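Welcome! Take a look at the sequence and the structure below, and then we will walk through them topic by topic.

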Amino acid sequence: MLVLGIETSCDETSFAIVEDGRIILSNLISSSINFHKQFGGIIPEAASRYHLEYAILLLDGVLKQAKVGLSDLDLVAVTYGPGLLGSLMIGLNVAKAISFSLKIPLIPVNHVLAHLYAPFLASNSYPPLPAVGLVVSGGHTALFYIKEFDNYELLGKTRDDACGEAFDKVAKILGLGFPGGPIIEEYARKGRKKIKFRCAKFTNSLDFSFSGIKTAVLYYVKENTTGGRRLNEEEIADICASFQESVFKVLVENACKACIMKRTKHLLVGGGVIANSYLRAKISEMGKENQIAVYFPEKELCTDNAAIVAGLGFRLYKLKKIETDYSLEPSPVINMEG
Ligand code: KG4
Ligand code: ZN
């Protein structure tokens, strides 16, 4: 079954063609991030205009790369939320038009859960379910118990900023540019974990909080830059290493606790921050110590892309045979409590 995936929830416009939820024939991504960089964050109206510009070019591109025609497609899977309203609207309308004109079913996909499908597209393993799922992205940080992709339980979530968002804000405080995650990872490699930034933990809860540690970094920087003094490269590296260490400790601990609580030995991970090599190493270490098998996505499938949407769309279609509903509206916010 050939599935066309469409992802336009934020600044990445992505189209993909995936066969039987496993084999990526093509996965193209165009990002408007370079435009947004000058503002230090995503400008929603501009992001949706870029989606409009890129969408049809990318559709042509994936068909050519996969060497298939429109008439070979069997299903359209599209992100309907959560995300930016104007951005979601573009992807959803393109998906409806393709589905309607080709008379093929349309399946709506939840972007957060799509991140947890990324490990299913890895060539070296195929994760079993049930499993605990940890999503760590720019918009979401959450733990799930996934019995199936249409039957899951939210175990914990951030009470304020998402993890990636905290990376972006700390990078902004340090004047390092946007998005912050990859730059902080790079600095942290050279830094010492010597500054005590505490990341909030909650007793009897698997929730997260990242806004406190971001503020702690802000005050530390203010205290160390009085009188116009500038931080040197070494100091910036130490701040990045210390911040990263503390944030990742809580992510890893909560993921481990969730596996113990649900008595599962399988952990799925996904989302932009999972591209971080140090975090991957920390999660692997925890997995080895606790005999938990961790299923990682390829690094390029951690950040937003349409292959994960096509993959999850296939799985949901097989589970439910959902009927196409052209009245479907974008959902910028989705309550994941179940
Ligand atoms: O999953 P994603 O592409 O978009 C959302 O669904 O939000 O995640 C983007 C986030 C950004 O906040 C970015 O700073 C973070 O992922 N990120 C990283 C790394 N690469 C991307 N954070 C830490 N380390 C990285 N290497
Ligand atoms: Zn995402």
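Let's begin with a group of aromatic side chains: Phe35, Phe39, Tyr50 and Tyr54 are linked into a cluster by ring pairs. Rings of Phe, Tyr and Trp (its six-membered ring) pair if their centres lie within 6.5 Å. Keep in mind that this is a predicted model, in which local features need pLDDT of at least 70 and side-chain atom pairs count only at pLDDT 80 or more, while totals for chains, interfaces and linings use all residues. Residues are numbered from 1 along each chain as its sequence is written, and side-chain values use heavy atoms, with hydrogens and water left out.

**Aromatic pairs**

- By the ring rule, the count comes to 14 aromatic pairs.
- The rings of Phe100 and Tyr326 have centres 5.7 Å apart and planes at 80°, so this pair is edge-to-face (planes under 30 degrees apart count as stacked, over 60 as edge-to-face and the rest as tilted).
- Phe100 belongs to helix H3 (residues 85-102) and Tyr326 to the segment after helix H10 (307-320), so their pair ties together parts 226 residues apart in sequence.
- Phe100 is exposed, with a relative accessible area of 61%, and Tyr326 is partly exposed at 34% (buried means under 20% relative accessible area, exposed over 50%, partly exposed in between, with a 1.4 Å probe and protein chains only).
- Phe208 and Phe210 have ring centres 5.9 Å apart and planes at 15°, so they are stacked.
- Phe208 is buried at 0% relative accessible area, and Phe210 is buried at 0% as well.

**The sheet**

- Five strands form an open sheet in the order E3-E2-E1-E4-E5, with mixed pairing (strands are DSSP runs of at least two residues, helices of at least four, and two strands pair if DSSP finds at least two bridges between them).
- Strands E3 (23-31) and E5 (106-110) stand at the edges with a single partner strand each, so one side of each has no neighbour in the sheet.
- Strand E1 (residues 2-7) pairs with strand E2 (residues 12-19) in the antiparallel sense over six bridges, and Val18 in E2 is the bridge partner of Val3.

**Two helices in contact**

- The axes of helix H5 (residues 163-173) and helix H8 (residues 233-261) come within 12 Å and cross at roughly 175° (axes are lines fitted to C-alpha atoms, for helices over the stretch in contact, and angles run from 0 to 180 degrees between N-to-C directions).
- In H5, Cys163, Ala166, Phe167 and Val170 meet residues of H8, including Phe243 and Leu251 (contact means heavy atoms within 4.5 Å).

Note on methods: Chains lettered and ligands numbered in written order.
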